[in-house]
Amino acid sequence: MIHKYKLNGYNIVLDTNSGGVHIVDDITYDLLDNVEPPFEEKCPEKVMEKLSRFYPSEEIISCYDEIKALYNDRILFSEDDYEKFAKYSVASPIKAMCLHIAHDCNLRCEYCFASTGDFGKGRKLMSFETGKKAIDFLLEKSGDRENLELDFFGGEPLLNFEVVKQIVEYARSKEKDYGKRFRFTITTNGVLLDDDKIDFINKEMSNVVLSIDGRKEVNDKVRKRVDGTGCYDSILPKFKRLVSKRGEKEYYVRGTFTKYNLDFSEDVFSLYNEGFDQISVEPVVCPPEVPYSLTEKELSQIFKEYEKLSERILDNENRGKKFNFFHFMLDLDQGPCAIKRLRGCGCGNEYVAITPDGDIYPCHQFVGLEEFKMGNFDEGTFNLDLKAEFAAAHVYTKPECRQCWAKFYCSGGCNANNYIYAGDIHNAHKFSCQLEKKRLECAIMLKAARLDKE
């Protein structure tokens, strides 16, 4: 299987199964529209006839021979060797946890998937006792995994920051005894940030996600306080201060674009111009009937904006300035292991989310969907059958993914979005698929352009 497209002056051919990317001339690009395996010894006459109106016959013959050689070398139209690994997609030790430290928030973001912080279950904070049980559960279920990930999430985690600190201290006290190492992350809207919190975060958190949507007018339209006022002027200097004191440790600013800001490349560059060099601005995923939703009608404009963004990033780099845009970061050289390529993030299997009540869910986006509740700490329950079901969900159990050129990059997409918007974790949420494919095309083009300049 191959995927070919033109972008920013490049003719790009991706060989899906080998992962090979080829930058080709016009004749090769056009010839690939007319030939496929099994290849004949000589270029078929009907192909010669069709293309000889545009190219010399000897060039067509030479190009055909080159394509055939690439096929014989298994780097073009290569066979799918990954399905044999699907049998290893089985239940694994848990290595990551999303800890819902607060089901409450001091903002009322219009697009919030978590019902403005309480996930539809009432506003509450996690107790230290529940946090300890979560750490013990992760230690117990992590098997021989040495490195464990724990993300403090909400709602807004800073509303319960003293418990955050207690949980970090407790987890650290267990590392030596269990031969484990915790890597903490926190996601915050920044409203309650102060110097003491910044110092603790920068000391203990391996990564920090700073929620802001870009330009002030964009951010404050949807990210409002309880009283309806915007938060941009308050949080921006706090985020700058945190990043300036963070050194080389990881962080990124994370925004959401909606129908209100289809020119979202302006928000990416607004964040960059404010001094941030690790940036994610992601599409809202929501029911189509809400006023800020993205629908099929907006796809063409979104595609053009992604292309515009990729070209602006290149122009910026040509002037000696660089930043990372999350959705355009792509490793074509090594990439993830075979199993990760097949099933992605590992939600419900290697990764779980814990609510303030000690309920266990496959991930933060499944929280509140009772049919996906996996267990509860106080009840001592944990549904291993549901865990096995998620472990076995991969691109070969998702019919629309099997024949998709992007399957080894998106790994079957988000299981939560698939369920919520397509009815089953094995069904593709087609709108998200289309956005992912466009981002991949832009990311691959960026890699090609950078190599072209070396």
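Me: Why is Leu192 called partly exposed?
Reply: This is a predicted model. Leu192 has a relative accessible area of 33%. Buried means under 20% and exposed means over 50%. The value lies in between, so Leu192 is partly exposed. Leu192 sits in the loop between strand S8 (181–188) and helix H6 (195–204).

Me: What makes Leu192 part of a nonpolar surface patch?
Reply: A patch residue needs over 30% relative accessible area. Leu192, at 33%, therefore passes that cut-off. Leu192 makes the patch with Leu125 and Leu159, about 210 Å² in area.

Me: How do you know that Lys133 and Asp378 meet in a salt bridge?
Reply: The cut-off is 4 Å from nitrogen to carboxyl oxygen. Their N to O distance is 2.6 Å, so the pair qualifies. Lys133 is in helix H4 (residues 128–141), and Asp378 is in the loop between strands S15 (375–376) and S16 (381–382), 245 residues apart.

Me: Why is Asp378 called exposed, but Lys133 partly exposed?
Reply: Exposed means over 50%. Asp378 has 60%, so Asp378 counts as exposed.

Me: What makes Glu204 and Arg172 a salt bridge?
Reply: Their closest N and O atoms are 3.1 Å apart. The limit is 4 Å, so the pair counts. Glu204 lies in helix H6 and Arg172 in helix H5, so the pair ties together parts 32 residues apart in sequence.

Me: Why is Glu204 called buried?
Reply: Glu204 has a relative accessible area of 14%. Buried means under 20%, so the label holds.

Terms used. Residues numbered from 1 in each chain as written. Predicted model: local features only at pLDDT ≥ 70, side-chain atom pairs only at ≥ 80, totals over all residues. Heavy atoms only, no water. Patch = residues over 30% accessible without salt bridge, like charges linked within 9 Å, V, L, I, M, F, W, Y side chains within 5 Å. Areas by Shrake-Rupley, 256 points an atom, 1.4 Å probe, with all protein chains shown as cover. Salt bridge = Lys/Arg side-chain N within 4 Å of Asp/Glu carboxyl O. Helix = DSSP H or I, 4+ residues; strand = E, 2+ residues; numbered from the N terminus. Buried < 20%, exposed > 50% of the residue type's maximum accessible area, 1.4 Å probe, protein only.
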